[in-house]
Amino acid sequence: MSTAKGARTKQSPSLAESLFALLPLGIFLIALITIIAAYIAAFGNGDLDFLNGRVKTPPISMLMYTGTGKRIGQVGFSLVCILCYVCLPEFFLKVERIVGDRETYKKTLNFLRISVAIAFANLAVVGLLPLQPDMHLVIKREVSISWQSIIHQSAAGIFFLTAIVHMGSWMYFVTRQCSDRLPFHYKNSPRSFYFKMICFILCFFPLPAAMLLHPISPLRRKLSLSKSDSGGITQYALVACISSFFASYTCEFWLMTHPKSPVKEKI
């Protein structure tokens with residue numbers, strides 16, 4: 001009796017492990033607060049006054065190119081990236097311990113690790129190296145775009161691309177590769193799986209949305225949206241999908257930290 005009780009106690013996760021499992025969700029909240037704070041600062045401090053009030057949903061980069069918004073972006077995005085580099089390697093290490101040493105699993109997990117590392121390295125560049133401080137003059141076509149802005153935009157593009165590739169790779173892993181005995185198989189975590197699937201599919205909707213909100217689109221004229229508004233809406237949608245996907249890793253993290261029964265894939 002005491003032995004069984006001791007075994008249950010030994011298997012029970014600590015408070016620290018439980019809190020760590022919630023870290024992906026916490027990272028999502030930090031990113032959300034960062035964007036909201038930068039939005040409030042950019043409009044509150046008049047950083048976008050040069051647009052004469054025509055823009056209500058500017059691209060995120062424009063919220064953080066100067067002043068307080070710039071500092072918020074540098075601190076917030078840096079914190080997001082640091083926490084991701086703390087959290088996600090541990091997440092995939094736990095996955096690897098459960099699936100065992102099968103070579104096909106290792107290749108996929110290594111690819112997942114590499115893609116997420118590249119994605120958040122570029123997000124760190126986006127945060128630390130904002131658009132050039134005279135971006136308002138670039139928009140007015142009074143000065144040329146600088147290397148700083150080119151690097152910033154390139155890093156943002158790489159982040160979006162590698163994040164979407166990572167998302168697709170995880171969906172392939174849980175549906176086509178891992179055993180249905182494993183806790184993160186899509187049948188054993190259906191809510192998380194379908195939520196991730198929705199996030200992944202919706203990542204491709206900003207592309208047609210960009211066409212609908214094109215400068216010559218009747219819909220864009222009907223909504224009285226500026227070019228910056230149109231770009232901002234599609235960017236917010238894409239960021240929401242990607243960040244929500246990574247936040248939902250909390251579900252798998254929790255299942256691995258609080259297993260119903262010890263499960264390890266047979267080789």
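Visitor: Which residues does Met 171 touch, not counting those up to four places away in sequence?
Guide: Good place to start, and please keep in mind that this is a predicted model. Met 171 has its place in helix α8. With residues up to four places away in sequence left out, Met 171 touches Phe 193, Lys 196, Met 197 and Phe 245.

Visitor: Is Met 171 buried or exposed?
Guide: A residue needs a relative accessible area under 20% to count as buried. Met 171 has a relative accessible area of 5%, so the class for this residue is buried.

Visitor: How far apart in space are Met 171 and His 185, C-alpha to C-alpha?
Guide: Along the sequence, 14 residues separate Met 171 from His 185. In space, C-alpha to C-alpha, the distance between Met 171 and His 185 is 9.6 Å.

Visitor: Is Arg 176 buried or exposed?
Guide: Arg 176 is also found in helix α8. Exposed residues have a relative accessible area over 50%. Arg 176 has 67%, so its label is exposed.

Visitor: What distance separates the C-alpha atoms of Arg 176 and Tyr 186?
Guide: Let's look along the chain to begin with: Arg 176 and Tyr 186 are 10 residues apart. Their C-alpha atoms are separated by 9.6 Å.

Visitor: At what angle do helix α8 and helix α9 pack?
Guide: Helix α8 covers residues 147-177, while helix α9 covers residues 190-202. Their axes lie 10 Å apart, and the packing angle is about 145°.

Visitor: Which residues of α9 make the contact with α8?
Guide: On the α8 side, the contact is made by Ile 164, Met 167, Gly 168, Trp 170, Met 171, Val 174 and Thr 175. By class, the residues of this contact divide into 9 nonpolar, 2 polar and 1 charged. The α9 side is made up of Phe 193, Lys 196, Met 197, Cys 199 and Phe 200.

Visitor: How are α5 and α8 oriented relative to each other?
Guide: α5 and α8 pack at an angle of about 20°, with their axes 15 Å apart. Angles under 35 degrees fall into the parallel class. The two helices α5 and α8 are therefore roughly parallel.

Visitor: What word describes α5 in relation to α13?
Guide: Helix α5 (residues 67-99) and helix α13 (residues 249-257) have axes 11 Å apart and pack at an angle of about 50°. Relative to α13, that makes α5 oblique.

Visitor: Which residues of α13 make the contact with α5?
Guide: The α5 side is Cys 87, Leu 88, Glu 90, Phe 91, Phe 92, Lys 94, Val 95 and Ile 98. The residues of this contact of α5 with α13 divide into 9 nonpolar, 1 polar and 3 charged. From α13 come Tyr 249, Glu 252, Phe 253, Met 256 and Thr 257.

Visitor: What is the handedness of the crossing of α5 and α13?
Guide: The crossing of α5 and α8 is left-handed. α8 passes α9 in a left-handed crossing as well. For α5 and α13, the crossing is again left-handed.

Visitor: Which residues is Phe 120 in contact with, leaving aside its neighbours within four places in sequence?
Guide: Phe 120 belongs to helix α6, residues 103-128. Phe 120 counts as buried because its relative accessibility is 5%. Leaving aside neighbours within four places in sequence, its contacts are Val 80, Cys 81, Cys 84, Tyr 85, Leu 88, Phe 159 and Phe 246.

Visitor: Which residues does Thr 108 touch, not counting residues up to four places away in sequence?
Guide: Thr 108 lies in helix α6. Thr 108 is buried, its relative accessible area being 12%. Not counting residues up to four places away in sequence, Thr 108 touches Phe 173 and Gln 177.

Visitor: How much of the protein chain do buried residues make up?
Guide: The chain has 13 helices and 0 strands. It exposes about 14400 Å², with carbon and sulfur atoms supplying 67% of that area. Of the 267 residues, the buried share is 44%.

Note on methods:
Residues numbered from 1 in each chain as written. Predicted model: local features only at pLDDT ≥ 70, side-chain atom pairs only at ≥ 80, totals over all residues. Heavy atoms only, no water. Axes fitted to C-alpha atoms, helices over the stretch in contact; angles between N-to-C directions. Helix = DSSP H or I, 4+ residues; strand = E, 2+ residues; numbered from the N terminus. Parallel < 35°, antiparallel > 145°, perpendicular 65-115°, else oblique. Left-handed = near helix turned anticlockwise from the far one by under 90°. Contact = heavy atoms within 4.5 Å. Nonpolar A, V, L, I, M, F, W, Y, C, P; charged D, E, K, R; others polar. Buried < 20%, exposed > 50% of the residue type's maximum accessible area, 1.4 Å probe, protein only. Areas by Shrake-Rupley, 256 points an atom, 1.4 Å probe, with all protein chains shown as cover.
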